[in-house]
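Student: Could you walk me through this one while I have it open on the screen?
Tutor: Gladly; let us take it one part at a time.

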Amino acid sequence: MTSLPHTSFDQVGEASTPEDLRAHYRFVRQQTEALCAPLAVEDYVPQPIPDVSPPKWHLGHTSWFFENFVLSKELADYRCFDERLNWFFNSYYESQGPRILRSQRGNMTRPQLETIQAYRQQVDQAMEALFDQYEAGLPQVLAELILLGLHHEQQHQELLLTDLKYILGTNPLYPAYSKTRPSTPTKAPALDFSTIEGGLYQIGYQGNGFCWDNELSSHQVYLQAFEIGNRLITNGEYLAFMQAGGYEDFSLWQMEGIEWARQLEEKAPLYWYRQEGEWWNYSLGGLKKVNPELPVTHLSWYEADAYARWADARLPTEAEWEVAARKLQPKGPADDHNWVEARQFHPTAASDKQFFGQCWEWTNSAYLPYSRYPRPAGALGEYNGKFMINQMVLRGGSCATPRSHIRVSYRNFFHPDKRWQFTGLRLAKDSQ
């Protein structure tokens, strides 16, 4: 079993010297390679749906990012590996020229995997030369850009795993990506609610290290008193919703949601399969019986919202979630919260008052800019700002998230029908 490298949150969050940043660069790039180690050559190519990118596209795109935004501008003698690759590996940057349609990335049988690996190797060698060039000290703007590129690659590490899970999990052989260490079965604690008093609260990024632009600016919000669940909703609880006819009860669903649900081949979370009267679900460790005590995951926002209404509750807003997480788990994310480094690749426990890891939590908030949002100029302004429409916010990270990548103010976002990510839910209620 290939182990994943591990570092602390503070180490990747800061880059005080060129050598620190060089170490961060090596760490993140090695982590990507470790995640790819179990793959067969054939696993790198498929794209079953437009949302899923082939693993070798992730390898090429993350290398393109450093070549295009850093090396070609900062290393005087750098020569692009192959300018034709810009067409394949530009993701959505209109300012960086034409690109392949996202839905056609799986048609990329060429360049071959070994070519993309050579591309990655050239970029890594050139980045080492760049660090040597600035041994006395990196310009702040350049250091911040490299750090952004590393967090960008960590996002793609999570996408790599979730995309690969769709590739393997929709294969009728249900092949395992990697053998996972068996976790000790844990009974979920009783579902309870904590009351958060109404008042003015500060949300958004409040530190001095790295954050995404969409976490800015820190600002005050007024919240009415509310209650929030002490844990994630479990498979067993969601199964009760299914057995009660939750997918057929139109009164529980938004209009778009019920139309979406009617098209489902299986009225169940993604990767759930019924075999001989029992429910099984696919994990990256293979096909296993559904454990009723574990957090339910791979839900769309539509499903999460319908379940919450069935349970006489609702989803928390993202401000409520962040305030509750700061109050009920003041130390924030911890090393033992089931991140990708644990190599479980699946939720392992519905722990009491744990707001981080396991699975991303849908909120009832549309993905919009905060007040005084400082949208960056140039190409990097395309990274988050232009996606702030028609999507919903998720919080907390998942079992596929790198530990050093997450923080309490982190805002993830997807369209409400998407569920190939590790997405689950926590309930909230208005305080009586």
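**A helix, a glycine, a helix pair and a cavity**

Tutor: Helix α9, residues 301-310, is largely enclosed by the rest of the structure, because 8 of its 10 residues are buried. Please keep in mind throughout that this is a predicted model.

Student: Which residues of α9 are the buried ones?
Tutor: They are Trp-301, Tyr-302, Glu-303, Ala-304, Asp-305, Ala-306, Tyr-307 and Ala-308.

Student: What comes after α9?
Tutor: Asp-312 follows α9, and the phi of Asp-312 is positive, near 55 degrees.

Student: Is Gly-385 buried or exposed?
Tutor: Gly-385 has a relative accessible area of 10%, and because buried means under 20%, Gly-385 counts as buried.

Student: Which residues does Gly-385 touch?
Tutor: Leaving aside residues up to four places away in sequence, Gly-385 touches Asp-213, Tyr-373 and Arg-375.

Student: How many Å apart are Gly-385 and Gly-236 in space?
Tutor: From C-alpha to C-alpha they are 38 Å apart, while in sequence Gly-385 and Gly-236 are separated by 149 residues.

Student: New topic: at what angle do α3 and α5 pack?
Tutor: Helix α3 (residues 55-74) packs with helix α5 (residues 113-133) at an angle of about 35 degrees, and their axes are 9 Å apart. The crossing of α3 and α5 is left-handed.

Student: Which residues meet there?
Tutor: From α3 the contact includes Leu-59, Trp-64, Phe-66 and Val-70, and from α5 it includes Ile-116, Tyr-119, Val-123 and Met-127. By class, the residues of the contact of α3 with α5 divide into 12 nonpolar, 5 polar and 4 charged.

Student: What lines the largest cavity?
Tutor: The lining is made up of Leu-232, Ala-349, Ala-350, Ser-351, Gln-354, Phe-356, Gly-357 and Gln-358. By class, that lining has 4 nonpolar and 4 polar residues, with no charged residues.

How values were computed. Residues are numbered from 1 along each chain as its sequence is written. This is a predicted model: local features need pLDDT of at least 70, side-chain atom pairs count only at pLDDT 80 or more; totals for chains, interfaces and linings use all residues. Side-chain values use heavy atoms; hydrogens and water are left out. Buried means under 20% relative accessible area, exposed over 50%, partly exposed in between (1.4 Å probe, protein chains only). Contact means heavy atoms within 4.5 Å. Helices (H or I, at least four residues) and strands (E, at least two) are DSSP runs, numbered from the N terminus. Axes are lines fitted to C-alpha atoms, for helices over the stretch in contact, and angles run from 0 to 180 degrees between N-to-C directions. A crossing is left-handed if the near helix is turned anticlockwise from the far one by less than a right angle, and right-handed if clockwise. Ala, Val, Leu, Ile, Met, Phe, Trp, Tyr, Cys and Pro count as nonpolar, Asp, Glu, Lys and Arg as charged, and the others, Gly among them, as polar. On a 1 Å grid over the protein atoms alone, a cavity is a set of points where a 1.4 Å probe fits but cannot get out, and a pocket is an open set with protein on both sides within 12 Å along at least five of seven lines; lining residues have an atom within 4 Å of a point.
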